[in-house]
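Q: I would like to learn how to read the sheets in a structure. Please take me through them.

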Amino acid sequence: MNKSRTLHQALSDYIPESAIEPVENWFNHHFVVLSVTRNRLTKLGDFRGSLNDKASYISVNHNLNRYSFLITLLHEMAHADVHFTYKRRVKPHGKAWKLAYQRLATPFTTNGTFPEKLNHAFIKYLLNPRASSMSFMPLAQALREYDNNSDDIIVSMLAPETLFAIHDGRVFKMVEKLRKRYRCYCLDNKKTYLFSPLAIIKPLEDQQKRTDD
């Protein structure tokens, strides 16, 4: 089995069929290794550029739906293009990266890769790409519809005063909705935090067991 076929098969497991050939062609013309990794709570993908003759690396979390995986992969491919042109002389998510992302991603908005609603949100996002696609709520919400875990409870579902826990065990109380995020109070360290509306949490069934007294 040759390298190209191996890459083709790997891509077919993670991105839409219409995106496989152009993404495969990009990798065939760049000294970049694609790694599919475990779920990472702090990031969806990563690019590590080499400053010598060694390969650069792109990694993407394995648990993303096909559309999220492709959008994240294009994000990292744009980082790679900027790295090969400018090395470290430009900002990570500055103008050069935005232009590279737009150039790589725009063809996928015209070839039927994305469902209509998601495609519309992605086009709006590409007008001014951000460091995290999840920070653009129309796109984040559209992508969530295709997640296997779309039944998860997220912060925006909670009523004020509701107690909830996050992945590390800390317990919070929902305080209020702000313009884009939710203000929550941590009962463990008495500090206030801002949560994304899409943050996955676990509501506490017995809210009388914990108080902020």
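Predicted model: local features only at pLDDT ≥ 70, side-chain atom pairs only at ≥ 80, totals over all residues.

A: Residues are numbered from 1 along each chain as its sequence is written, and side-chain values use heavy atoms, without hydrogens and water.

Q: In what order do the five strands of the open sheet stand?

A: Strands (E, at least two residues) and helices (H or I, at least four) are DSSP runs numbered from the N terminus, and two strands pair if DSSP finds at least two bridges between them. Here the order is β7-β6-β5-β4-β8, with antiparallel pairing. At the edges are β7 (192-195) and β8 (202-203), each with a single partner strand, so one side of each has no neighbour in the sheet.

Q: How many bridges join β5 to β6?

A: Five bridges link β5 (residues 171-177) and β6 (residues 182-186). Met174 is placed opposite Cys184 in β6.

Q: What is the order of the open sheet of three strands?

A: That order is β1-β3-β2, and the pairing is mixed. Its edge strands, β1 (32-37) and β2 (45-48), each pair on one side only.

Q: Which strands does helix α2 touch?

A: Contact means heavy atoms within 4.5 Å. Axes are lines fitted to C-alpha atoms, for helices over the stretch in contact, and angles between N-to-C directions run from 0 to 180 degrees. Helix α2 (residues 17-28) packs on the sheet against β1 and β3, its direction making about 125° with that of β1. Helix α3 (residues 66-86) touches β1, β2 and β3, at about 165° to the direction of β3.
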